[in-house]
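Colleague: Please bring up the model, and then we can go through it together.

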Amino acid sequence: MMQGIDLEQADHGLLDDLRIVATPAARGLSQLVLRTDVAGMPLEWIDYKEAARLYHQEQVAYTCGSLLYELYGGVNARTGRRTVLEVNSIVATVGHTGNPGNTRHDYVPPLNNQTLFRRDAYLCMYCSQRFPSRELSRDHIRPFSQGGTDVWTNVVAACRRCNNQKASRTPEQARMQLIAVPFTPTYAEYIFLKGRRVLADQMEYLVAHFPRSSPLHARIRAYLS
Ligand SMILES: [Zn+2]
């Protein structure tokens, strides 16, 4: 038990007299919960307020992972006891989120530098050195000037030096070699790449939903080692 605050009732209009306590596993209130559908397919990251709302709307089917939060609700008039909700790191829910990813096989996640650099494990895909985000750039393998587009399979993380050296040329023209083939993340991979602080149990859960052939398996192992 490390932290407690009063939730602003105005946030939901649903929660009377609610207090929340984060367990040591959560290390504070900013730890996000992995929401899945009832079949266990990863859907999105939610904060404890959203998790509490789902509980109150009786949309939580079951939970996995470790205990993150204890939500102390109002006193039950009949029993005189406080209601306590336990929120785990992974929450399976009924109902829909509007996220198309888990139902559409042709889903393409939005491309942005943060998820791109994570997909490539912060490695420059030309010189294979690791860099912090701020020193990486988005390289278009086939440059715009030669008909290349801004899609997952035409972009890689590249350090500034390699990007400058390659300039507006294809790797063949620049005599530079990619160390890996770029790929479009699946929905589960994208959820992982979007994560802030992914707990070990959440990571294990997400990785189990990656395609077996996903390059992320090896990259995560390498990154953690
Ligand atoms: Zn480089």
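**Notes on the model**

Colleague: Leaving aside neighbours within four places in sequence, which residues is Asp120 in contact with?

Modeller: Once those neighbours are set aside, Asp120 is in contact with Met125, Val156, Ala157 and Arg219, where contact means heavy atoms within 4.5 Å. Please bear in mind that this is a predicted model, in which local features need pLDDT of at least 70 and side-chain atom pairs count only at pLDDT 80 or more, while totals for chains, interfaces and linings use all residues. Residues are numbered from 1 along each chain as its sequence is written, and side-chain values use heavy atoms, with hydrogens and water left out.

Colleague: Where is Asp120 found, then, and is it buried or exposed?

Modeller: Asp120 is found in the loop between α2 and β7, with helices (H or I, at least four residues) and strands (E, at least two) taken as DSSP runs numbered from the N terminus. Asp120 counts as buried because its relative accessibility is 1%, and buried means under 20% relative accessible area with a 1.4 Å probe, protein chains only.

Colleague: OK, changing topic: what are the protein donors of the zinc ion?

Modeller: The SG atoms of Cys124, Cys127, Cys159 and Cys162 are the protein donors, lying 2.3 Å from the zinc ion; donors here are N, O and S atoms within 2.8 Å of the metal (3.2 Å for Na, K and Ca). The angles among the four donor atoms run from 100 to 117°, and the site is tetrahedral, a label that needs four donors with all angles between 85 and 135 degrees.

Colleague: How are the donor residues spaced in sequence?

Modeller: The spacing of the donor residues is C-x2-C-x31-C-x2-C. Cys124, in the loop between α2 (113-119) and β7 (136-140), and Cys162, in helix α3 (residues 160-166), are 38 residues apart, a pair that links distant parts of the chain. Both Cys124 and Cys162 are buried.

Colleague: And what does Cys124 touch, beyond residues up to four places away in sequence?

Modeller: Beyond that range, Cys124 touches Gln129, Phe131, Leu136, Ala157, Ala158, Cys159, Cys162 and Ile179.

Colleague: How many residues has the largest nonpolar core?

Modeller: The largest nonpolar core has 21 residues, and those with the most contacts inside it are Leu116, Phe117, Cys124, Tyr126, Leu136 and Cys162; such a core is a set of buried Ala, Val, Leu, Ile, Met, Phe, Trp, Tyr and Cys residues joined through side-chain atoms within 4.5 Å. The elements giving two or more residues to this core are α2 and β8 (155-159), and the largest share, five residues, comes from β8. Apart from this core lies another, of 18 residues, among them Phe183, Ile191, Leu216 and Ile220.

Colleague: Where is Ile191 found, by the way, and what does it touch beyond residues up to four places away in sequence?

Modeller: Ile191 is found in helix α5 and is buried, with a relative accessible area of 1%. Outside that sequence range, Ile191 touches Leu34, Leu43, Glu44, Trp45 and Leu206. Leu34 and Ile191 are 157 residues apart in sequence, yet 9.0 Å apart in space, C-alpha to C-alpha.

Colleague: Why is α5 largely enclosed by the rest of the structure?

Modeller: Helix α5 is largely enclosed because seven of its eight residues are buried, namely Tyr187, Ala188, Glu189, Tyr190, Ile191, Phe192 and Leu193. The buried residues of α5 pack against β3 (33-37), β4 (42-46), α2, α6 (200-207) and α7.

Colleague: Last one: how many helices and strands are there in the protein chain?

Modeller: The protein chain has seven helices and eight strands, and buried residues make up 44% of its 225 residues. Of the contacts between residues at least 6 apart in sequence, 63% join residues at least 24 apart.

Note on methods:
Four donors count as tetrahedral if all angles lie between 85 and 135 degrees; four count as square planar and six as octahedral if opposite donors are over 155 degrees apart and all others between 65 and 115; anything else is irregular. Buried means under 20% relative accessible area, exposed over 50%, partly exposed in between (1.4 Å probe, protein chains only).
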